[in-house]
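Reader: Hello! I am new to this structure and would like a friendly tour. Could you show it to me and then take my questions?

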Amino acid sequence: MSATAVKQPNWFARLAHPGQFLAWTRFVVWPLGIGAAIVFAIGLYFSFYASPGDYQMGDMVRVMYIHVPNAWLSMLVYGVMAAAALGTLVWRHPLADVANKAAAPLGAAFTAATLFTGSLWGRPTWGTFWEWDGRMTSELVLLLIYLGIIALWRSFDDQLKAGRIVAIVTLVGAINIPIIHYSVEWWNTLHQGSSILTASGPRMPISLLTPLFIMLLAFTLFFAFLQIVQMRTEILRRRAQSMSRQAAQGAVR
Amino acid sequence: MIGDAAHIPFIAGSYVGVAVLVVGLLAYVAWDSLRVKRKLAALEKAGIRRRSADSTSTRTDTP
């Protein structure tokens, strides 16, 4: 091989190239959206008609089928953003900061939904809408981190510079994720402990787990759909900004 | 067992709240996408083309 031979990018680099990303995701977006809608419909059927009430909570257990998926997504989305932050800082990947920026409002929305549904679930079961305990407070902190990241993105004109600063903030904020997860073990809390991811397996009957897992899948597909659409929009937005700058420079000359 | 009838507003409120959020997210994402596509179309209509439009690469600062 000659010294001047150009090194070909690997398959991942090609897939994640902004232009290539726009090309291949065009075929993925709608199947994801339609898939999410179908799984949502099945999940809602199981949530309301094909599952029994809980022996203690009665029908209030049905709130779990939307509360837990939103709580799962509130942390998963942050995980995606933290991975993207590493991509920005370590590999300076062009799609990493796009992924971070696209995910932040989605994560904020899912976290707000977690707090809202948890609060409505808490009133009849605990006797209060809110308690400053470990789980609820750390989830509220997560919402504030999301809002801070959104504000940071909007406060910079230079999106490449913003990407690096947001990436550092995202990685610092990632410390909150294990705090949320282990808060029910570390502190006395009104919130129940983990009942799915335990060493001895789920502590729930299959009749309650079935709608829960279907709704988890539906919300995860929904997030994937929104994330890809938002990333595509962000790539096009940067393209438009670049063209506007180009036009402005041409006008000055 | 908690009496169910008294708690219907809490269950319905949760689902309605999340439904509003889902619809809101869809509307926001669609509106944002449409807005950007219109802006891009207007720029292209004005004859502005990206410098990299003819090449395969859209950015050159990647390793």
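**A first tour of the two chains**

Author: Welcome! Of the 253 residues of chain A, 38% count as buried. Please keep in mind that this is a predicted model.

Reader: How many helices and strands does chain A have?

Author: Read from the N terminus on, the elements of chain A run α-α-α-α-α-α-α-α-α. The C-alpha atoms of the chain fill a box of roughly 75 × 40 × 35 Å, taken along the principal axes. The count for chain A is 9 helices and 0 strands.

Reader: Among contacts in chain A between residues at least 6 apart in sequence, what share joins residues at least 24 apart?

Author: One example of a pair separated in sequence is A:A108 and A:L147, which are 39 residues apart along the chain and 6.7 Å apart in space, C-alpha to C-alpha. Taking the contacts in chain A between residues at least 6 apart in sequence, the share that joins residues at least 24 apart is 77%.

Reader: Is A:A108 buried or exposed?

Author: A:A108 has its place in helix α5 of chain A. Leaving out residues up to four places away in sequence, A:A108 touches A:L143, A:Y146, A:L147 and A:I150. A residue counts as buried if 20 or more other C-beta atoms lie within 10 Å of its own. A:A108 has 21 other C-beta atoms within 10 Å, so A:A108 is buried.

Reader: What about A:R14: buried, exposed or partly exposed?

Author: A:R14 lies in helix α1 of chain A, residues 11-15. Not counting residues up to four places away in sequence, A:R14 touches A:P9 and A:Q20. With 13 other C-beta atoms within 10 Å, A:R14 is partly exposed.

Reader: Which residues of α7(A) are exposed?

Author: Let us begin with the buried residues of α7(A), which are A:G163, A:V166, A:A167, A:T170 and A:G173. They cover an arc of only 130 degrees around the axis, which puts them on the same side of α7(A). On the other side of α7(A), the exposed residues are A:K161, A:I168 and A:V172.

Reader: Which helices do the buried residues of α7(A) pack against?

Author: Helix α7 of chain A covers residues 159-173, and its 15 residues reach 20 Å from the first C-alpha to the last, close to the 21 Å expected at 1.5 Å a residue. Its buried residues pack against these helices of chain A: α4 (64-91), α5 (96-126), α6 (134-154) and α8 (176-186).

Reader: Are α6(A) and α8(A) roughly parallel or antiparallel to each other?

Author: The axes of α6(A) and α8(A) come within 8 Å and cross at roughly 170 degrees. Angles over 145 degrees count as roughly antiparallel. The two helices α6(A) and α8(A) are therefore roughly antiparallel.

Reader: How do the residues of the contact of α6(A) with α8(A) divide into nonpolar, polar and charged?

Author: From α6(A) come A:G134, A:R135, A:S138, A:E139, A:V141, A:L142 and A:I145, and they meet A:N176, A:I179, A:I180, A:S183, A:V184 and A:W186 in α8(A). The residues of this contact of α6(A) with α8(A) divide into 7 nonpolar, 4 polar and 2 charged.

Reader: Now chain B: how far apart are the end C-alpha atoms of helix α1(B)?

Author: The secondary structure of chain B comes to 1 helix and 0 strands. That helix, α1(B), covers residues 8-45, and its 38 residues should span 56 Å at 1.5 Å a residue. This agrees with the model, where the end C-alpha atoms are 54 Å apart.

Reader: Which residues in α1(B) are buried?

Author: Of the 63 residues of chain B, 16% count as buried. In α1(B), the buried residues are B:F10, B:I11, B:S14, B:V18, B:L25, B:V29, B:V36 and B:L43.

Reader: Finally, on the side of chain B that touches chain A, how many residues are nonpolar, polar and charged?

Author: The contact takes 29 residues from chain B and 36 residues from chain A. By class, the side of chain B that touches chain A has 14 nonpolar, 8 polar and 7 charged residues.

Terms used. Residues are numbered from 1 along each chain as its sequence is written. Chains are lettered from A and ligands numbered from 1 in the order in which they are written. This is a predicted model: local features need pLDDT of at least 70, side-chain atom pairs count only at pLDDT 80 or more; totals for chains, interfaces and linings use all residues. Helices (H or I, at least four residues) and strands (E, at least two) are DSSP runs, numbered from the N terminus. The expected span of a helix is 1.5 Å times one less than its number of residues. A residue is buried if 20 or more other C-beta atoms lie within 10 Å of its own, exposed if 12 or fewer, and partly exposed in between; C-beta atoms are placed from the backbone. The arc is that of the directions from the helix axis to the C-beta atoms. Two residues are in contact if their C-beta atoms, placed from the backbone, lie within 7 Å. Ala, Val, Leu, Ile, Met, Phe, Trp, Tyr, Cys and Pro count as nonpolar, Asp, Glu, Lys and Arg as charged, and the others, Gly among them, as polar. Axes are lines fitted to C-alpha atoms, for helices over the stretch in contact, and angles run from 0 to 180 degrees between N-to-C directions. Angles under 35 degrees count as roughly parallel, over 145 as roughly antiparallel, 65 to 115 as roughly perpendicular and the rest as oblique.
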